[in-house]
Amino acid sequence: MRTATQPPAPRRTIDIVNASLKRRYARERRFRFMGAAAVALGLLFVAILFADITLKGYTAFQQTYIEVPVYFDPATIDPAGSRDPQALAAADYLAVVKASMRRLFPDVTERSQLRELYALVSAGAPQQLQSMALRHPGVIGTTRDVWLIAAGDVDMLVKGHLDRALPEADRRIKDSSILLLDRLAADGRIEKRFNTGFFTNGTSREPELAGIAGALAGTFYTLVLTLLFSFPLGVGAALYLQEFAPKNRWTDLIEVNINNLAAVPSIVFGLLGLAVFINFFGVPRSTPLVGALVLGLMTLPVIIIASRAALQSVPPSIREAALGVGASPLQTQFHHVLPLAMPGIMTGAIIGMARALGESAPLLMIGMIAFIVDVPQGFTDSATVLPVQIYLWADSPERGFVERTSAAILVLLGFLVLMNLAAVLLRRRFERRW
Amino acid sequence: MHKTSLGAVLAVSAATVCAPALARDTINIVGSSTVFPFSTAVAENFGRGGFKTPKVESTGTGGGIKLFCSGSGVDTPDIANASRALKASEFDACEANGVKGITEVKIGFDGIVLAQSKSSKGFDLTLKDIFLALAKDVPNDKGDLVPNPNKTWKDVNPALPDTKIEVLGPPPTSGTRDAFAELALEGGCNSFPALKDLKKSDEKKHKAVCQAVREDGAYIEAGENDNLIVQKLVANPKAVGVFGYSFLEQNAEKIHGAKVNGVAPDYDSIAKATYPISRALYFYVKNAHVGTIPGIKEYVAEFTADKAWGPEGYLADKGLIALPDADRKSSAANAKALTPMAKPAH
């Protein structure tokens, strides 16, 4: 206790520190809490995104099938009895499907009812029978139980995406069709199975037949070429700029430009691709080749920047030591600097490729947003890529495409996770700290 | 670096150009996103018949015709889909680029619906209501054009509910938007005699007044994805969405279409043209490519067969409204003969 007569005791530094200590600790705790909350919020949104897509999409990995006893009528399939593959391929399998469905429900005779009955199986069912007959001509003349692909609306109903409690007028599928389906279900003729078609088919306008094989193949060809175009060029450019080029106004200008290019919206590269590659050089539209040229240009700055950073992190002592024992500058770079920088360069390249994998905007301009059923067989076949397929399916009116879209997103996310994981692993495994 | 990399890339591309440009065995189709679902369905069925499945690009009508008309070489598209008829200016551009002999095939109708969530009471609109709700400028009591003052549907027509005008529709780049402006807005516009007379005196001004959509937030551009509009309608029962009939048909349990001039949008009313907002859809064939590119004739035959575009055909399942029987017959005969079209009037 001080009195007014005594001079005030000098405030010591430790008192000031002690007085503010509590406040400073509180501030520290607040900051940590906010940081953790930011991370948690981010993770929450990612979790919601994943959960939403997974919940919507997982059903697409299953497909409803209907078991139908099919009589491979020789009179329809092979009237000449020649078993000639060409004749077998051209036969009217739709008639076989229809006859089999009629035999399953002999009581259905009215025309509109028959139409509903035929509509229970997919438009792809005749293809199933065709490939069976072609592969094993022995089935002709016999009756086999075949699991035919169910139509899209039937699939939606079985999976519970269509509500049968709604009034009939509000439903895509009629009461009478549901009655037929219930009879089939009671006989154990309806089953959900793993949807192999989703991974082996090209796209289709019928959701139950649509698959991602075409988009996957297109993505594969495009990315292979993108890597071939951008990786050697990018690493070469980085090596020259970082190690050989004189530091002057020109190289500064180039550096600014590269950094700018990395931030240019991707659609601009698409426009460039349209003007230069397609209109000027006549590269065929919609092909992985032109797609890869555009995506390669887009990825180039990313690879250059990452490679330069990786080269920069190699200590000068390595270069000096190599030069000291008589290596030429070129040998120094290729025997010593580049191998040491490679993990960093690879990481940059993988991240650049992951970006190219998820890109669809530049492909709009060069005709890769297209309906292409046949799975591409090479670099100059028409093709689409996964993000484009997702975009096209998301825009389709048929209900079955909702789950297909989410399933395709899951596949794309899977690839992205794999690639980023590879980048992290590479870094972990090979990166050297100096 | 720029020079080296670009030069190298160009060299690579130049080396690969020559081989693939020579021959092509798939049909190239470009054009309207409205015709896209029908065109792709035909393409797929056609592909099952032994030919390679045609490649169908969704570029929009204008972009597609531009590509189609860019020349007659095999690197240009063979068929252009359109959600409106070819314009005279486009026809001229085609001729100028050496594209002579184009066959026009009218394939059916598409209705444009104004839909709402099922949880709301259905609307009964007139074209005049639509114009008053969505036009940029509307005539006031004295007949002068003023910026659209209407905030609620009740302001437009006392018989309508007292809810905010909130319409989700396609952006200006879309053919659906063009057709909506032309059929619905201009139709409503012409119900004002003064504005109707304007068409004779100043056609340009008439178009500018009658087809301008308001930009004060009542009309919300919801992008080209109609599925997204459907989802937004379900979430917001007060909003109205504008899109093609096929999306209404596929989502019948979630949304219902507003009656326009007392007619509900359904298959029959659009086919009989009693529903006022419907338009014809077309595709155009480059006659010079028939014979060069295999399968064009067969593709056209597949499209114009009754099992595809008939009232019972598979395109009807996708939402295409079939032409009347007589029109279908003459259109199919025309398509089969590949009769070149004459220059359109405008």
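## Ground rules

The model is predicted, with local features needing pLDDT of at least 70 and side-chain atom pairs counting only at pLDDT 80 or more, while totals for chains, interfaces and linings use all residues. Residues are numbered from 1 along each chain as its sequence is written, chains are lettered from A and ligands numbered from 1 in the order written, and side-chain values use heavy atoms, leaving out hydrogens and water.

## A greasy patch on chain A

Leu41(A), Leu44(A), Phe45(A) and Ile48(A) together make a nonpolar surface patch of about 400 Å². Leu41(A) sits in helix α1 (residues 13-57) of chain A. Its relative accessible area is 46%, so Leu41(A) is partly exposed (buried is under 20%, exposed over 50%, partly exposed in between, with a 1.4 Å probe and protein chains only).

## A buried glycine

Look next at Gly291(A), part of helix α13 (residues 288-312) of chain A. Gly291(A) counts as buried because its relative accessibility is 0%.

Leaving aside residues up to four places away in sequence, Gly291(A) touches Thr222(A), Leu363(A), Ile366(A) and Met368(A) (contact means heavy atoms within 4.5 Å). Gly291(A) and Gln377(A) are 86 residues apart in sequence, and their C-alpha atoms are 15 Å apart in space.

## Crossing helices in chain B

Over in chain B, the axes of helix α7 (residues 175-189) and helix α9 (residues 203-211) come within 8 Å and cross at roughly 100 degrees. That is why α7(B) and α9(B) are roughly perpendicular (65 to 115 degrees; under 35 is roughly parallel, over 145 roughly antiparallel, the rest oblique). On the α7(B) side, the contact involves Ala181(B), Glu182(B), Leu185(B), Glu186(B) and Cys189(B), while α9(B) brings His206(B), Cys210(B) and Gln211(B).

How values were computed. Patches are made of residues with over 30% relative accessible area and no salt bridge: like charges are joined within 9 Å, nonpolar side chains (Val, Leu, Ile, Met, Phe, Trp, Tyr) within 5 Å. Accessible areas come from the Shrake-Rupley method with a 1.4 Å probe; for residues, only the protein chains shown count as cover. A salt bridge is a side-chain nitrogen of Lys or Arg within 4 Å of a carboxyl oxygen of Asp or Glu. Helices (H or I, at least four residues) and strands (E, at least two) are DSSP runs, numbered from the N terminus. Axes are lines fitted to C-alpha atoms, for helices over the stretch in contact, and angles run from 0 to 180 degrees between N-to-C directions.
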